[in-house]
Amino acid sequence: MSYQNYSLKQLQQIDASHHLHPFTDHKELRQAGSRIITRANGPYIYDSEGNELLDGMAGLWCVAVGYGRDELADAAYKQMKELPYYNSFFKCSTPTPVLLAQKLVEIAPEGISQVFYGSSGSEANDTAVRLVRHYWALEGKPEKNRIISRKNAYHGSTIAGTSLGGMESMHQQLGGAVPNIVHVMMPYAYELALPGESDHDFGLRAAKAVEDAILEAGANKVAAFIGEPIMGASGVKIPPTSYWPEVERICRKYDVLLMLDEVITGYGRTGEWFAAQSFGISPDTITTAKALTSGYQPLSALLVGDRIARTLVEKGGEFHHGYTYSGHPVACAVALANVGIIEREGLVERVKSDTGPYFAHALGERIADHPLVGEVRSFGLMGAIEIVKDKGTKERFAPSGSAAVVVRDHAIANGMMMRATGDTMILSPPLIWTRDTIDMACERIVKALDLAAADLRR
């Protein structure tokens with residue numbers, strides 16, 4: 001039976017009765033009722049009541065080429081008719097993951113030569129942990145198994161992903177993290193820079209926290225450092241330009257592997273195929289997912305550098321790891337078509353030379369001066385708006401995070417889908433946004449800020 005035979009209230013009741021949502025206060029959701037999204041096209045999503053919203057989050061950081069792409073639906077349909085599924089176990093493969101791996105190596109940073117597939121960024125980060133620790137064991141250094149991450153990092157919701165991440169609320173519910181993972185300060189200048197400290201010097205100080213953690217444990221105990229090039233889920237925290245080159249120098253100095261989590265930043269969001277290229281660094285692993293298929297199918301790809309791949313192949317024997325849907329032929333067919341659209345329409349270059357710079361200009365010109373805004377920042381098509389009570393002192397509204405929720409709710413009510421993370425509003429729009437779309441978004445955001453300010457000043 002079609003969902004169109006159900007009323008909104010009926011769908012909400014069924015949803016409340018049987019569906020546990022991710023990252024949700026379920027009692028609160030059941031009281032309010034979920035918004036039912038029923039269709040989408042281009043940069044817009046539509047709910048069951050016909051309301052149109054400009055999607056400022058690309059679904060969940062993923063719908064790079066926008067909604068309603070017939071080419072992706074056709075790729076899935078064709079592959080389903082020909083071969084809907086076969087596994088990559090038993091020394092077997094299928095054509096689409098083979099061809100996709102070739103393509104990903106072609107667009108990846110130099111030194112990446114292998115691809116391991118999963119279905120989500122969380123799975124890819126689990127794989128990365130297993131692979132890095134296995135690498136050092138194969139090299140005769142099993143004690144070299146500590147991984148350094150960062151506070152407020154997000155690396156997924158599996159046990160390993162939660163352990164890698166640095167979000168305390170997730171750790172509190174975990175009841176036992178994967179051992180030998182430590183967390184250092186994040187490169188978040190807005191809150192952590194010292195009075196008078198330059199961005200350059202702050203970046204070096206934040207990088208030194210990685211070195212301090214290596215020295216505290218002993219370099220012979222540290223396997224790797226993992227980081228998002230731009231910290232996404234914690235609020236689009238963009239590091240100073242001095243940060244990543246210094247982190248890479250430190251990792252190479254102490255023979256520590258460099259792992260990048262590009263689940264959010266991969267496939268054009270920063271104006272390059274990968275943020276590693278934007279920041280000029282050469283990682284040993286890159287975790288990717290989301291925009292790989294623009295969310296049309298679940299798929300992740302862990303990109304593996306030559307150093308690790310060589311040891312795995314030559315010394316590894318059987319790698320006891322994998323998933324039923326590793327290299328799913330339909331998902332890989334969609335990914336190939338999706339990457340083809342990004343290439344053909346020049347979306348990566350558009351973000352770098354046109355919409356990315358215009359996005360930064362628009363946020364600065366139209367939003368930064370608002371009384372509720374402490375800072376705006378962006379990189380490519382990622383943006384953040386810090387919500388404050390006092391611009392000069394950076395004082396926040398109490399309780400923490402409450403004001404951003406007010407802004408978010410006004411934005412959604414006025415046709416702008418945004419996300420509130422703590423005291424920060426974040427944006428990660430589809431790469432198909434144009435200057436006109438950016439103008440529309442800014443107009444709706446300003447309206448939401450004005451309405452929120454009226455509520456918060458009462």
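## A patch on the surface

Patches are built from residues with over 30% relative accessible area and no salt bridge, with like charges joined within 9 Å and nonpolar side chains (Val, Leu, Ile, Met, Phe, Trp, Tyr) joined within 5 Å. The accessible areas behind this come from the Shrake-Rupley method with a 1.4 Å probe, and for residues only the protein chains shown count as cover. In this predicted model, where local features need pLDDT of at least 70 and side-chain atom pairs count only at pLDDT 80 or more, totals for chains, interfaces and linings use all residues. Residues are numbered from 1 along each chain as its sequence is written, and side-chain values use heavy atoms, leaving out hydrogens and water.

With that in hand, here is the patch: Y3, Y6 and I14 form a nonpolar one on the surface, with about 260 Å² of accessible area together. I14 belongs to helix α1, residues 8-18. Helices (H or I, at least four residues) and strands (E, at least two) are DSSP runs, numbered from the N terminus. I14 has a relative accessible area of 41%, so it is partly exposed, the class between buried (under 20%) and exposed (over 50%), judged with a 1.4 Å probe and protein chains only.

## Two nonpolar cores

Now step inside. A nonpolar core is a set of buried Ala, Val, Leu, Ile, Met, Phe, Trp, Tyr and Cys residues joined through side-chain atoms within 4.5 Å. The largest one here has 68 residues, and those with the most contacts inside it are L104, Y267, L303, I367, I385 and M416. Helix α14 (residues 329-344) supplies the largest share of this core, nine residues. Apart from it lies another core, of 33 residues, including I148, V184, A209 and F279.

Leaving aside residues up to four places away in sequence, M416 touches L54, G56, A411, L427, W433, A441, R444 and I445, where a contact means heavy atoms within 4.5 Å.

## Salt bridges

A salt bridge is counted when a side-chain nitrogen of Lys or Arg lies within 4 Å of a carboxyl oxygen of Asp or Glu. By this rule the model has 23 salt bridges. One of them joins the side chains of R69 and E345, at 2.7 Å from N to O. R69 sits in the loop between α3 (58-61) and α4 (70-82), and E345 in the loop between α14 and α15 (347-366), so the pair ties together parts that are 276 residues apart in sequence. R69 is buried, at 18% relative accessible area, while E345 is partly exposed at 32%.

Another pair, E246 and R249, meets at 2.8 Å, N to O. These two are three residues apart in helix α11 (residues 243-253), about one helical turn. An α-helix has 3.6 residues a turn, so residues three or four places apart point the same way. E246 counts as buried at 19% relative accessibility, and R249 as partly exposed at 41%.

E386 and R396 form a salt bridge too, their closest N and O atoms being 2.9 Å apart. E386 is in strand β12 (residues 382-387) and R396 in the loop between β12 and α16 (402-413), 10 residues apart. Both are buried. E386 and R396 also belong to a network of salt bridges that links E191, E375, R377, E386, R396 and D423.

## Helix α10 under cover

Helix α10 (residues 199-217) has 19 residues and, at 1.5 Å a residue, should span 27 Å; its end C-alpha atoms are 28 Å apart, which agrees. The expected span is 1.5 Å times one less than the number of residues.

Which residues of α10 are buried? They are F202, G203, A206, A207, A209, V210, E211, A213 and I214. Their cover includes β5 (146-150), β6 (181-184), α9 (189-192), β7 (222-227) and α11. Just after α10, G218 takes a positive phi of about 95°.

Most residues other than glycine have a negative phi, and most peptide bonds are trans. The peptide bond from A398 to P399 is cis, with omega near -5°, and P399 lies in the loop between β12 and α16.

N180 is not a glycine, yet it has a positive phi of about 65°. This residue is in the loop between α8 (168-174) and β6 and is partly exposed, at 33% relative accessible area. V236, also not a glycine, has a positive phi of about 45°. V236 lies in the loop between β7 and α11 and counts as buried, at 0% relative accessibility.
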